[in-house]
Every structure is written in C-alpha cells, then in structure tokens.
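Student: I would like to go through this chain with you, step by step, before I try to describe it on my own. Could we take it as a set of questions and answers?

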Amino acid sequence: MKTLCSLIPLLFLSSCFLSLSQTHLPKHYCLDDQRSPLLQLQTHLYSNFTFSSKFELWDLHTDCCSWEGVSCDSLGHVIGLDLSYRNLSGSFHSIFHLHHLRRLNLAGNNFNTTLLSYEFDKLPNLTHLNLSSSCFHGQIPMEISYLTRLVSLDLSYQDDCYWRNADYDFPTLKLEKPNFKTLMKNLKFLRQLYLDGVNISTHSSKWCETTSLVLSNLQVLSLSNCGLEGPLCSSLSRLPFLSKLVLDYNPISYLPPNFLENSSHLVSLSLVSCDLSGHFPTEIFLLPKIQSIDLSYNEKLMGQFSEFPSNNALQSLSLSDTNFSGKLPESIGNLKFLKDLTLDYCKFYGTIPWSVANLSRLVKLDLSDNNFSGSIPPFHPFGVPNLAHLNLESNKLSGSIHSSLFTLPSLRTLSLIENQFVGKIDEFPNASSSLIEGLHLGNEYLSGPIPKSIFQLRRLEELYIYGNGFGSMKFSMFFQLNNLRFLSLFEIILLIESDNKSLTFPQLDTLYLSSCNLTEFPEFIKTQDKLVELDLSNNHIQGVVPNWLWKSTLSWVDLSLNPIDFPKQFPFGDANFSLPMLTELRMGSCNISAFPEFLKSLENLKTLDLPNNTISGAIPNWVWKKSLRDLNLANNHLSSLDQLLPNQSSTSSQGSPTAAICNMSKLRYFDASYNNLSGLIPNCLGNMSALTLLNLQGNNFSGALPEFSKANQLQFLIVSDNRLERKLPRSLAKCTQLEYLDVGDNMIHDAFPFWLEELTALTVLILRKNKFYGRIKYFKNKVVFPTLDVLDIASNEFSGELSINLFQATQLRSLKIGMNKLEGKLPRALASCTKLEVLDLGNNMIHDTFPFWLQKLPSLKVLILRANKFYDRITEFDVESGFPKLRILDIASNNFSGNLSIQFLQSLKAMMQMTGEDKAKLEYIGDNYYQDSVTIFNKGIEMFYEKVLTILTCLDLSNNSFHGRIPEGIQILMSLKVLNLSHNSFSGEIPSALDNLKDLESLDLSQNNLSGKIPPQLASLTFLEALNLSYNQLEGSIPQSNQLNTFSNDSYIGNPKLCGLPLSRKCNEVGLPMPPPPEEDEEDSWLDAMSTLQIILKSCFKITRLYLKQGVGCKIRRYLKQIKLKQRSITNNILDS
C-alpha cells in the first residue's frame, strides 16, 4: 500500500510530462517521403504559360504540411493538394508518389499538355479530382477509371484556359478509347461529374443509359458542349439523388415523355442551346425543390406557363430566345423567392401581370423582344425594393412612362426602347442620389424634351437615346454626366454648339453617334483620350478625316455611309504615330476609290470592312495582313486578289502558293462578292483551316472549284454567279461544319451530289442555273439531308421522276425544282415536309391532278405549279383547314378545267384578310441567312422578286381551261394584290364584287368569253396599276374615272362592242362601225374555212370528251381554244379597223 502511494505522484508527473510533450509536437509532421515529391513538384512547375518563371510558393525551411495548398492527416501523409488558379505550367509527375492523396485540385492553370503520361492509378485513395480549365487536351487516360473511390471528377472547361491566353485555335479533351461507358463503369461512388467541353461525340448516344445504370449516386451531372446526341433517355429521370443537371450546347433535339417530372430532388436544370423542339413539360416548373431553370436559346422549344402555386421555390427562370408563348399568369406573383426572370426573345403576349410589381426579392426582370401590350405595371419602392435591372424593350407597351419608375431604390439599369409609349417623360425627384448606371430610352412616339433629371444622374455610365420624337438635343447637356463612359445617340438631331469649347466633356470609352445628321467630325473628340469604340456611321460628314480623330486607344471604328476622304500620307507627318489597339475598322459606302495608305501601319487589324465603295484594280499585298480574320470587300471594282510580283504572269498569280492571300492563316471571313475578279480561284483558299465564310459571288472566276480538303471550319461557301465549270470537288464532304453551299449560276456539269449527305450541318444547298443532270434517285434506303432547310436545284437538266427519299427531309422549308425535265407524279411524301413554306415546281413535265393533299402543310406560303401537265378539275378541298398561310398560288399554263368553285376560293385562307399590323410589317419569306426569291407574272410582265414580302398575295390561274362564270365569291380574297384569270374560257359578266379587292394592283381577265359591261365599281380600286380586259365580248362604254382613265388602249382592245376613251370608238355614234366589206375570195373563204374547221373540231371534242378527265385529249382542247381565240382576234381586228 505504501509503495502504491509513492507511485501515484510519479504516474501523475509522467502523465503531465507526456501531455506537455504532445502539446509541443507538430500537429501534422511532414514525412520525408511526402516532402520529397512536393520539392520535386516545385522544381518542375513554372508560374506562366511560357516556362520562363519558376514556381516559388513554398518556404523550404518550414514543415511541408504547413505549406499553402497542402493538407496532411495526423500521421503526416499528404492527403490534399490545392494548386488551383496559380497560372502554373510545366509537369506534375511527382504528385503520383503521394499515394495517400485524397483531394487533388489543379484547376485554372496552363499546363497545355495531354494526360496520358500521368499515372493516376497510383492514387487509389483519391476521392476528389479537379483538372478543369488548365489547357489539357487529347484522350482522357484509362487510368482515371481505376480511381474507384472517386466522389467528384471535374475535367471541364479546358477551353477557358486557352481563351485566357488568347489562343483561339485550341484542341480539346476527348473520350474515344476509353469511351464514356468504359471510363465510368468502375466509378460507382461518383456524386459529382463535370465534363463540360470534353468531346464525347464517339458513341455519344450511349452516355445517357450508362449514366442511369452505373452512376446511381449521382447528384451533379454537368456535360455541356460535349457533342452529345439525343434524345435523352427516360431512365435519367430515375436517378434518385440528382439535384443538378447541365447539358448546355448539345444537339439533344427533343426530350422524352415525362422528362424529370418525378425528380423530387432536382434543384437546378440547364439545357441552354440544345436544339430542343416540341413542348416542354410544364410540370418541371412545379417540382418541389426546383430553384433554377435555364432553357435559353432553343428557338423551336414551345411551352406555356400554368398557374404557379404559392409554395414554389423558383429563384431563377431563363427562357431567352425560345418559342414559349401565351400570357403570363397573374399567379406569377406567387414566386416569392424569384430573383431572376429572363424571358427575352420569346412570343409572350398580353399585359404584364401587375403582380410582378410585388416580387420583393426580384433583382432582374427581362421581358424584352416579346409582344407584351398595355401599360407598365405599377412598380414602386415597397413592392420591388431589390429590383436592379429592368428591361422591357422591343414590345408593344403603350401609355406613358411614369417618372416614378426612375425612383426605384435599387435600380441600376433600365431599358424601355422600341415600344409604343406616348407623350413626354416628366421630371423625377432625387435624381442625384439615384443608383441608375445604365439607361436606354426612346421611340418615335415619345415627344417633348428629354427630362433634365436624366442629366443629374450622377452614377450614369451608359446612356442610349433613340428616336426623333425627342426633337433636337444640345450636346452641352451631356457635359455634367461626369461618370458617363458609354454614349449612344441614334436618329437624334444633335446640335453641337460652338461656344462650349471651354467645357470639359466626360472621358468616354464608347461613343456611338449614328444617324445624327452630323455634317462634320465633332471637335470634342479631340480631348477624348480614352476612346475605345467610335461610331459616326450614316451621317452627312464630308471631307478629309482629321488627324485628331485617330486616338491611339481606339480598337473599333465605324465611319460607314459618309462621303469621306483620307490624306495621301499617313501617319500625317508624325513619325511616332500609331494605332496599336485598332483591331476593327468599318468604312463601307464611303465613296472610297483606293485602299487608304494608313492601312499599311495597322499591324494588329483583325476586321477590315470596305464594302460598297469604288475601289478598283488589284488588292495591294500590304492589305493581306497576317493578323486579319475578317475581310469584306464586296461591291467594289476589284480586278485581282493580289498584285503581280516581278516575273509573275497574271494567269499564275492567283493559283500560286506564294500569293499574298495564301499567307492568311487566321482568315475566318472573306467576302469579295460582286467585283470584277477573274481567273482561277486560288487553291490555297481550300487549305485555310480557320476559314468559316468564303463569298466570291458575282465575279468572273472560271475553271473548277479548288479542293477544300483542309477547310474543316468552313460553314458558308458562296460562289454563285461566276463561270465555274467541271464537277463539284468531292473534298467538300470533308467540310463537316458546312451549313450553306451556293454554287448557283455557273456551268458546273455533274450529277446530283448525294455524297453531301455526310454533312450533317448542311442547311442550305443551292445548285440552280447550272448543268447538273440525270435522275435525282437515291438507292440507299435511308433519309438523306435530315437538317436541310433550303434546296434550290431549279434551271438544270435533271430528269425522271422525283425521289421519295429526298422529301423525307422533315426540316425542309424551301424547295425549288422548277425549270428541269422532271416528270411523273408528285411524291406524296411531300406531305411530311411539315415546315415547308415555298414549293416551286414550275416548268417541268409533272403529270398529276391538283395536289389538294398539300393542305396538310401548315406553313406553306408559296406554291408554283406553272407550266406542267397538271389536269382535271380542282376539287376535294377541306374548307375548314384549307391553306392557312398560302399567299402565292401560280398554277398557270396547265390543263386544269371545270368551274372555279367557291370551295376552292374559301380554302385560300391567307388571301382573305390581312390586318393593318401585318401590312405594316416589312418582313420577307425566309430568315436571316437565306431569303426566298420567286418569279411571277405581275402587271403583264414576268417579274423576278429577289426577296418576297410576306404581304405579297398572288393568284394566277391563267392559260388553263376553266370555264363558267367568275364567282362573286372571289370578293373574299381581300388581300389579293395580283389576280390573273386570263387565257381561259370564263363567260358571263365581270363580277362587280371585284371592287371588294381594295389592295389589288394587277388584274388580268384577258382572252376569255366575258360579256356585258365593265362594272363601274372597278373605279374604286385605287391601287390598281395594271388592267387587262382585252379580247373578250365586253360592250358599252368604258367607265370614266381617275383610275380607269390611266390605262391605255391595250387594256381594252379586242372587245368590238366596247366604246369610249381610251378607245377611238365613240359611244355617241349611231350604231357600231362596221368594217368595209372585204373581197369575196378573202372574207368568204376565210369565214367558211374557219366555220368548217370549228364544226370538225366540235365533233372531235364530243368524241374525246370522255378521255379528258384522264388528261387524254388535252392537246385537242387547247388547240380548239387557240383556234377560237384566233378566230375572235381576227374578227375583232377587222371590226376595229
């Protein structure tokens, strides 16, 4: 017992000593085998992209577990290494000796290498791997699939690294061997997967099933811009823990039924620019935990909002540039957590619900570019205290702009341009304390002066004012906006006073004064030493550009549409003068006759825009700067692409690899259309790997197209209207990005290029006016050209029947195959082209009845069947549906017969009524990249419309065998501008109801059997410019009116009983003048012969009548008609004389 008592103090002291010793020991003592790899790592890393600066982050005299970015466990093993966003380059092989490593983050660096040499399988404990945005490229190594404990894998956004270093021609990471399925099969614990920007296009259709089956623990899946193909598999919805899904910029196309409707954990969904179509399931907006939805830039994606419940968790909703439509429900006010509502470039309409003015958490509201009408909701400080960004531009909002809008406490940007607001904007209080930094105002309906309060907004940095409703503005008003950096005035009459030179104008970085009626260069620019962008386009500025305009800070200048000139010498006498920052220069339509000399010194120029000038001769070699990416020289008088070198002939220059143009390795956009260029197209243009657009249209190039074996970025190739010949180069099939191919108006001799089917992006194919030949027959049993939007093969030598395969291209919008030798029937597969707007089959030999089944095409606007062998009566119309959008119908010069039925007229829905709003729109059939053309007979002549206004409405039934009366019901086609019923056998009187066609500009009823008087009501057609009633049986006096008096004798000739001006036959003469009796052998023999021939032909007609319904005997009928017209014409000529 005594011994035990004596030991207690010793044990206590020993315990205290051990405790004290442990307190002074390092918490994570770095082991030597951990320190050594880190030291090696530091020696192999550099702090920039060029390996010129060593990486010295760590103090070698301290414990490695205390080094920045390093974390250790209690035994001194390195388990975490974070060297993210340190601009590192070099190699990191030594990391793979840290076998206990669990977390590795090398994101945001500049390694610029492949991953294949790194031994990832030596890090079996790794749970988190982040190599994002570090310039890695090439194949993802198989070794990563051995990291079976991985919870988070991030290899995303390698392109960010290249963009940081201004390298725009960069390689990517890819998954080929192994593919996606092989890489993922062992990563069963993965919860976060980020592969954005990794090329998974090989076997990409399997990614969805693999994800659903293997990665059952997945919470975050981010695979934007991976080349993934759709559709999405429905099993993706069964991932039980999925909370975030990002699939932006993949051609997914459409979503499966019930997509994600049961994903109760889903918090964030992003499907930006996925080429989605169909209807988006509205149930996703109502998921219990959903906070963020972004479906932007899916132009074909449709949808509407249902009612929002009061417990909805949405915080951010973006539908920019989609086809969502309908009205916004008032229940949108239930989204109490909403911070961001972005619905720009959609098709919403109706009034903006006033409930949005009470969304107290709302920070951003963008409803621009829709069809909203009515007034602005009553936004007030208590309802939207956090609203910082409000964009309502480009709608149909009306009423006044209430000044209280400018007093919202958090408002920073406000845009209201392009609406229908009226009246003036009142002054508003407390402008000097406002937070407004950006303001966009104006349209042609606003009036009165600009409120002076705007010029008291002390924080204002960006000001855009548009529209001449404000009248003139004095430039001195802007001098007090000291923070102004961006000023854009458009269609404002700007008054620059001469007495304000002593005032100091704020230093701008952007100045746009387009269409401001300026007559000289504003002198205040002299003191603008920070100016980066300058736009003085579309004014009336004349004379020499002054020296002081060229600021060394300028990077973007637009002087287009001004008749300006340049000094012959540059830099204007200053040897030190240069424009090192100038990268973009636009001087289109400036009446420039030669390349300005100062271009020689612009070594960093990337964009040069000189279209619509009068520059002639050869392009100087100094224009071809290696820095150039975009060059537009369209519509000049250029004769050669480069100047001749000594001892160089004109025939060899352009094809030579030594030509200056052949050194343009960065050239992306080259437009030299509509010049006088001739000779061969340089072969080197086909070897430019960066080239995306080449437009040589409207020149005199000859020979064959060059090979395009290396132009793998080419998207637009336009070489129409030249003298090119031979065959299309098969190397075009290697231009996998090609979207637009136009070789029209040449002499190319080839068969139909079905081999172009490999171009999955091809949208427009124009082969018109060449020597293409043969049958359009495809023998493989599959759909071809699935993405084709426009096909124009008119005016060639194609023959045979039309291929059915070609018309299974469901995306086809415009099909022009006229002026060929096609025959047979129309393929009924055309009815599956549901997006078809233009169908031109004119001038072929197609033998069929009227294609009433084309009523199934909901978007058809133009149908041309002219000059074929269509026959029989036009019946079987669905009056209810009809042709809902058909505005141009030309079936002239066929063998149609029978009465003109009221059912047929009732089926032409789009020709009936057009709203005033539709008439006011100057919209063309087509879209931004291709606008349709059409040839129709209007006002008695054949007219070619290079662009077709959607309001052009034409009905041409001429040169057929229609008979009977012209129905009064034709008055329902009130939008008609052109009506041609000539060269038929219509009889009876001209319907007086034609006066209901108030928009009619051309009316041709000639060469029929019409009788009776000309209805005086026709005088009310005040837009009528062309009238032809000749060669009928009309009688009585021609109605005298200001409108009908404008037409000449030719409009009425051939009507023997018609009198009055402009005919020479007066109506007050007794009886009608009779022709003098002709000689007996002339008159009697001629009349007897005609009568006998008519009797014979009438007998023949009875015999052949039974066959006419089947198209047999049509020639006889037409011959009979011609004889009758000839007989009538000769008779009329005799009587008129």
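**Aromatic pairs, strands and salt bridges**

Tutor: Let us begin with two residues: Trp624 is buried, and Phe670 is buried as well, where buried means under 20% relative accessible area, exposed means over 50%, and partly exposed is in between (1.4 Å probe, protein chains only). Please keep in mind that this is a predicted model, in which local features need pLDDT of at least 70 and side-chain atom pairs count only at pLDDT 80 or more, while totals for chains, interfaces and linings use all residues. Residues are numbered from 1 along each chain as its sequence is written, and side-chain values use heavy atoms, with hydrogens and water left out.

Student: Which kind of aromatic pair do Trp624 and Phe670 form?

Tutor: The ring centres of Trp624 and Phe670 are 5.6 Å apart, and the angle between their planes is 70°. Since planes over 60 degrees apart fall into one class, the aromatic pair of Trp624 and Phe670 is edge-to-face.

Student: Why does this pair tie together parts of the chain, and how many residues apart are they in sequence?

Tutor: Helices (H or I, at least four residues) and strands (E, at least two) are DSSP runs, numbered from the N terminus. Trp624 lies in the loop between strand S38 (616–618) and strand S39 (630–632), whereas Phe670 is in strand S41 (residues 669–671), so the parts that the pair ties together have a sequence separation of 46 residues.

Student: Where in the chain is Phe896, the partner of Phe850?

Tutor: Phe850 and Phe896 form an edge-to-face aromatic pair, with 5.9 Å centre to centre and 65° between the planes. The pair links distant parts of the chain, 46 residues apart, with Phe850 in the loop between S56 and strand S57 (862–864) and Phe896 in strand S60 (residues 895–899). Both residues are buried, and the place asked for, that of Phe896, is strand S60.

Student: What is the order of the strands in the open sheet of four strands?

Tutor: Two strands pair if DSSP finds at least two bridges between them. The edge strands are strand S50 (773–775) and strand S56 (845–846), each of which pairs on one side only, and S50 pairs with strand S52 (residues 797–801) in the parallel sense over three bridges. The pairing in this open sheet is parallel, and the order is S50-S52-S54-S56.

Student: Which residue in S52 does Gly774 stand opposite?

Tutor: Strands of a sheet pair through backbone hydrogen bonds, either parallel or antiparallel. Here S50 and S52 are parallel, and the residue in S52 that stands opposite Gly774 is Phe798.

Student: Why is strand S29 largely enclosed by the rest of the structure?

Tutor: Strand S29 pairs in the parallel sense with strand S27 (residues 462–466) over five bridges, and three bridges join S29 to strand S31 (residues 510–512), again running parallel. Strand S29 (residues 486–490) is largely enclosed because the number of its five residues that are buried is four.

Student: Is Asp275, which forms a salt bridge with Lys300, buried or partly exposed?

Tutor: A salt bridge is a side-chain nitrogen of Lys or Arg within 4 Å of a carboxyl oxygen of Asp or Glu, and the closest N and O atoms of Asp275 and Lys300 are 3.6 Å apart. Lys300 has 37% relative accessibility and counts as partly exposed. Asp275 has a relative accessible area of 40%, so its class is partly exposed.

Student: What is the relative accessible area of Glu584?

Tutor: The side chains of Arg586 and Glu584 meet in a salt bridge of 2.8 Å, N to O. Arg586 is partly exposed at 25%, whereas Glu584 is buried, with a relative accessible area of 19%.

Student: Which residues are linked with Asp789 in a network of salt bridges?

Tutor: Side chains of opposite charge can pair when their charged atoms come close. In the network of salt bridges that includes Asp789, the other members are Arg813, Glu837 and Lys861.

Definitions and conventions. Rings of Phe, Tyr and Trp (its six-membered ring) pair if their centres lie within 6.5 Å; planes under 30 degrees apart count as stacked, over 60 as edge-to-face and the rest as tilted.
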